[in-house]
Every structure is written in structure tokens, then in C-alpha cells.
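Have the viewer open as you read.

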Amino acid sequence: MSEISEVGYSKNLANWQQLISTVVSFGSAYNPSREAIQIPQLQQVASNAQDATHVLNVAKAEYKNAIAERSETFKLLTPLTSRTISAIKASSTIGRQDNNAKALVRKIQGNKATKKSTPDPQAMNTEGSDMKEKSTSQMSFDNRIANFDELIAYFESIPEYAPNEEALKPIGLRTFSNNLKTKHNRATIATIALKSARSARNKIQEAPLTGLVDLSVDVKNYVKSVFGISSYEFKQLSKLTFRKFSK
């Protein structure tokens, strides 16, 4: 969702608060028969919209933190797997074993594919957008984790692969893999939560008939029916704009 849309939703809410204050100032003259546009109901919509905005802001913060942590952790995967290739080459393994390991590392690093930057939600203009992996290099987060686990299992099957460095040992690689999974799971959950929070916020503002955008039209029509199109009361409301942004 674009930043312009996000600002627009905030503007809708601000204008809604002003709409309520305006109709309250009309006193007993504002007395619609339709319950949905009576002042208590308008105030409840405002409260719901504020709560939904708060939940969305919390979800945004968690999303940004989770995506940043995942990105930083996955940056370590390429240099780590490159080190494992040097380690196996330094062991007493045969060339075929080394080549098998290199093939798995190429899948993890995406070296076979045409060089393209790996999509990362943090770098996208739209928060919460689904990543679209166009490369044939299996560079999605899930595939990189799966290929890394396959590489670890391969090292575990080779007695000659026995580096002294803790980070390069199979158990050290397993620990790093688990960390990757933890960071990826957190980012996945945060992405889902962000989409859910945004959908709830949008529904309160844009739902047909019950959303504040449609209700604002009904309030304006009611005021126009009471005071007339040329009245000061109606002109106060007519200048308040409300828009729908989701498709």
C-alpha cells in the first residue's frame, strides 16, 4: 500500500473527528432517525477506527523489525556457506564430494541464475507485499533454508568433513539454520499480522454502508435535508472529504 494511501486513511479519520464535532455543535437540530448516523454511533465508529489504527501501527513496527532482522541474518548465509566449501576442500575428501557440496552451495547462493538482487520486503515500496521470485535460482527464503539443511545433512554424511571451527561444524551449521528459521517465521507471522491489521482498518473506513466514508455521505445528506444546500451548516461538512483507497 502506498504512503499516499496511508496518509489518506489518516486524513479520513481526522476529518471524521471534525465531522462529529461539527454535528455535535448543531445541538438538538441534528436529530436523524437513522441510528447509524446518530452521534453515539458516529463516535463509536471513531473509536473503532482509532483502535484499528493503533493495532496497525503496532503491526507495522513489528513487521519492520522482523523483516530487518531476517534480512541481516540471511546476509550471513552466503559467506558462511562459502567458508564451508573452503573447509571441505581443505579436508581429505575426494573431488566428487567437493563438487557435490559446491553444487548445493550454488543453489543456496543463486550463482547459477542471472544475477538479480534478491527481493526483500524491507526494500519494497509497499509494506506487506508478497514477494515475487522470478529467478530460477531457488532464492526464496524457504528454498534457501531447505537447501542449506540439505547441505548440512551432506556434511554430516562425510566423516572427512571435520573442521575445528565451531561455526563450520555440522552442529554449528544446524544452530545457524535454526536461527534462520526463527527469523523467517517471525517475519512471516509479522507479514500476516500486518495484512490482517490493515484489512481491519480499511474495513472500518471503507465498508459499504457501515464504513465511515459511506456514512459521511449520509450525514452530509441529512444535514443538507435539514438546513438546505446553501446553509452554513452544510457548507461546514461539504468541505470535509473522505476517500476510499483499497481496491
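Start with helix 3 (residues 77-89) and helix 5, whose axes come within 12 Å and cross at roughly 20°. Axes here are lines fitted to C-alpha atoms, for helices over the stretch in contact, with angles running from 0 to 180 degrees between N-to-C directions. Because angles under 35 degrees count as roughly parallel (over 145 is roughly antiparallel, 65 to 115 roughly perpendicular, the rest oblique), helix 3 and helix 5 are roughly parallel to each other. Helix 3 passes helix 5 in a left-handed crossing, meaning that the near helix is turned anticlockwise from the far one by less than a right angle; clockwise would be right-handed.

Before going further, a word on what you're looking at: this is a predicted model, where local features need pLDDT of at least 70 and side-chain atom pairs count only at pLDDT 80 or more, while totals for chains, interfaces and linings use all residues. Residues are numbered from 1 along each chain as its sequence is written, and side-chain values use heavy atoms, with hydrogens and water left out.

Zooming out, the protein has eight helices and zero strands; both are DSSP runs numbered from the N terminus, helices being H or I of at least four residues and strands E of at least two.

Back in helix 3, find T81. T81 counts as buried because its relative accessibility is 0%. What does its side chain touch? The T81 side chain makes a polar contact with the side chain of Q109 at 2.8 Å, and a polar atom of the T81 side chain lies 3.0 Å from the backbone oxygen of T78. A polar contact is a pair of N or O atoms within 3.5 Å; within protein, one must be able to donate a hydrogen and the other to accept it, and residues adjacent in sequence count only if both atoms are side-chain atoms.

Now for the rings. The whole structure holds seven aromatic pairs, counted when ring centres of Phe, Tyr or Trp (its six-membered ring) lie within 6.5 Å; planes under 30 degrees apart are stacked, over 60 edge-to-face, and the rest tilted. One of them is W16 with F242, with centres 6.2 Å apart and planes at 85°, so it is edge-to-face. That pair links W16 in helix 1 to F242 in the segment after helix 8 (232-238), 226 residues apart. W16 is buried at 0% relative accessibility, and F242 is buried at 13%.

F74 and F141 form another edge-to-face pair, with centres 4.8 Å apart and planes at 70°. F74 sits in helix 2 (residues 39-74) and F141 in helix 5 (residues 141-156), so the pair ties together parts 67 residues apart in sequence. Both F74 and F141 are buried. R70 lies over the face of F141, 3.8 Å from the ring centre; the criterion is NZ of Lys or CZ of Arg within 6 Å of the ring centre and within 35 degrees of the ring normal.

Finish with E6 in helix 1 (residues 3-25). Is this glutamate buried or exposed? E6 is buried, at 8% relative accessible area. Its side chain makes polar contacts with the side chains of K60 (3.4 Å) and R201 (3.2 Å). The charged end of R201 also sits over the ring of Y9, 3.7 Å from its centre.

Methods. Buried means under 20% relative accessible area, exposed over 50%, partly exposed in between (1.4 Å probe, protein chains only).
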